[in-house]
Amino acid sequence: TKKRRPSAAANNIAMLLKYLSLILVCISTIIHSVSSEYSVQMVASSSFAPCIDSPNKKFLLKMKKKNGGKKIPLSRKCKWLKRQSKRKITKLCSKDRTYKDIKPAKEVCPSTCDTCDDFASLSPTTAQIQSNAPSTRSDHPSLQPSDA
């Protein structure tokens, strides 16, 4: 019987999987060493939660006038927003208005509004990295562990 050799494509895929495995091990090692040396503390109010719509929270649809002329907030859930036309979703997701603890749709329904990147970016203004290592005089501390 003749032994069948794997195709070039199969060899390429196997090699790619080995490289990806090696890369994942390297990334895991880096993350572990950095996380044991540094802690990330949130400074801004936005959270780094997964990009999902809040199931029970409501967003501010509009302020509605009552008979006495007083305005009251009209709110809806994300599942209501998902059922609207693309044009209406775009219009409602572009609004920034809040009322007390009722936030705009783009914050409450980031998946539907496609605003996930707006609230999940990590920059020096949204997080502060604090070292657990002894302080140094350098303005730019190294990520390498200290000897102390």
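Contact means that heavy atoms lie within 4.5 Å. By this criterion, and leaving aside residues up to four places away in sequence, Ser75 touches Lys58, Phe59, Leu61 and Ile102 in the predicted model. Ser75 lies in strand E3. With a relative accessible area of 18%, Ser75 is buried, because the limit for that class is under 20%.

The protein chain as a whole contains 6 helices and 4 strands. Along the sequence these elements follow the pattern α-β-β-β-α-α-α-α-α-β. Of the 148 residues in the protein chain, 18% count as buried. The chain exposes about 12,400 Å², and carbon and sulfur atoms supply 55% of this area. Among contacts with a separation of 6 or more, 54% are between residues 24 or more positions apart.

Two of the bridge partners in E3 can be named here: Lys77 is the partner of Lys58, and Leu74 is the partner of Lys62. The hairpin of E2 and E3 has 5 residues between the strands. In this hairpin, Gly69 takes a positive phi near 90°.

At a relative accessible area of 30%, Ile72 is partly exposed, whereas Ser75 is buried. Not counting residues up to four places away in sequence, Ile72 touches Lys62, Met63, Lys64 and Lys66. Ile72 and Tyr99 are 27 residues apart in sequence, and their C-alpha atoms are 9.4 Å apart in space.

Helix H3 comprises residues 86-93. Its buried residues are Ile89, Leu92 and Cys93. Seen down the axis of H3, these residues fall within an arc of 95°, so they line one face of the helix. The face turned away from this buried side carries the exposed residues Arg87 and Lys91.

A search of the whole structure finds 2 salt bridges. In one of them, the side chains of Lys82 and Asp53 meet at 3.8 Å, N to O. Lys82 lies in helix H2 and Asp53 in the loop between strand E1 (38-42) and E2, so the pair ties together parts that are 29 residues apart in sequence. Lys82 counts as exposed, at 53% relative accessibility, whereas Asp53 counts as buried, at 12%.

In the other salt bridge, the side chains of Asp96 and Lys106 meet at 2.2 Å, N to O. Asp96 lies in the loop between H3 and H4 and Lys106 in helix H4, so this pair ties together parts that are 10 residues apart in sequence. Asp96 counts as exposed, at 54% relative accessibility. Lys106 is buried, with a relative accessible area of 19%.

Backbone angles were also examined. Most residues other than glycine have a negative phi. Lys100 has a positive phi near 50° and is not a glycine. Lys100 is found in the loop between helix H3 and helix H4 (105-108), and counts as exposed at 73% relative accessibility. Asp114, also not a glycine, has a positive phi of about 55°. Asp114 lies in the loop between helix H5 (110-113) and helix H6 (116-120). With a relative accessible area of 68%, Asp114 is exposed.

How values were computed
Residues are numbered from 1 along each chain as its sequence is written. This is a predicted model: local features need pLDDT of at least 70, side-chain atom pairs count only at pLDDT 80 or more; totals for chains, interfaces and linings use all residues. Side-chain values use heavy atoms; hydrogens and water are left out. Buried means under 20% relative accessible area, exposed over 50%, partly exposed in between (1.4 Å probe, protein chains only). Accessible areas come from the Shrake-Rupley method with a 1.4 Å probe; for residues, only the protein chains shown count as cover. The arc is that of the directions from the helix axis to the C-beta atoms. Two strands pair if DSSP finds at least two bridges between them. A salt bridge is a side-chain nitrogen of Lys or Arg within 4 Å of a carboxyl oxygen of Asp or Glu.
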